[in-house]
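Have a look at the sequence and structure first.

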Amino acid sequence: SSGINAEWPLRPGAETWTDKNSVPPRLALTAEKLTRQGAFILQTHEHFIIWVGRHVSEIFVNSVYNVQAYSDLPDIAVGLQHHDNAISDIIHDLISLLSKVRDVPTTVVSVREDSRNGFMFLEHLVEDRSDGQISYFEFLQKIQQQIG
């Protein structure tokens, strides 16, 4: 990995992250790590991008986005309001810590898995690329070009 991007799961079990002064373990940036039941945050030079899987729990979308269901989320949202609950606290604490560690802007962009804007997240999955093969994102672009 180039060190430019880092990805962390926002999923059950994240509550075990108790040391708010140390960065929790990150995932390797591959599409196979993404699950439709989860949400993942990716840090780039410009943004934090939260990718929300279509089968993420209603508790998560309600706690983080203050909506009842995944289908109520906009395709893309800029900014992330803080809500008075533990899940929102954890996400905001993580973003705050990562911003301090990397000294980068804290613009947060959320995208739904089925959004046309999902490429904003997928294009950063650099570890999907191997010698002589196209990345998952490049594969999706090719398919999209062939379809329409």
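Predicted model: local features only at pLDDT ≥ 70, side-chain atom pairs only at ≥ 80, totals over all residues.

The protein has four helices and five strands, and along the sequence they come in the pattern β-β-β-α-β-α-β-α-α. Of its 148 residues, 43% are buried. If you look at contacts between residues at least 6 apart in sequence, 59% of them join residues at least 24 apart. The accessible surface comes to about 8500 Å², and carbon and sulfur atoms account for 49% of that.

| Pair | Centre to centre | Angle between planes | Type |
|---|---|---|---|
| Phe40 and Trp51 | 6.1 Å | 50 degrees | tilted |
| Phe60 and Tyr65 | 6.4 Å | 65 degrees | edge-to-face |

Phe40 sits in strand 2 (residues 39-43) and Trp51 in strand 3 (residues 48-52), so their pair ties together parts that are 11 residues apart in sequence. Phe40 is buried at 4% relative accessibility, and Trp51 is buried too, at 6%. Ring pairs also bring in Phe121, linking Phe40, Trp51 and Phe121 into a cluster.

Finally, the loop between helix 1 (58-65) and strand 4 (76-78) holds Asn66. Its phi is near 60 degrees, a positive value in a residue other than glycine. Asn66 is exposed, with a relative accessible area of 52%.

Terms used: Residues numbered from 1 in each chain as written. Heavy atoms only, no water. Helix = DSSP H or I, 4+ residues; strand = E, 2+ residues; numbered from the N terminus. Buried < 20%, exposed > 50% of the residue type's maximum accessible area, 1.4 Å probe, protein only. Contact = heavy atoms within 4.5 Å. Areas by Shrake-Rupley, 256 points an atom, 1.4 Å probe, with all protein chains shown as cover. Phe/Tyr/Trp six-rings, centres within 6.5 Å; stacked < 30°, edge-to-face > 60°.
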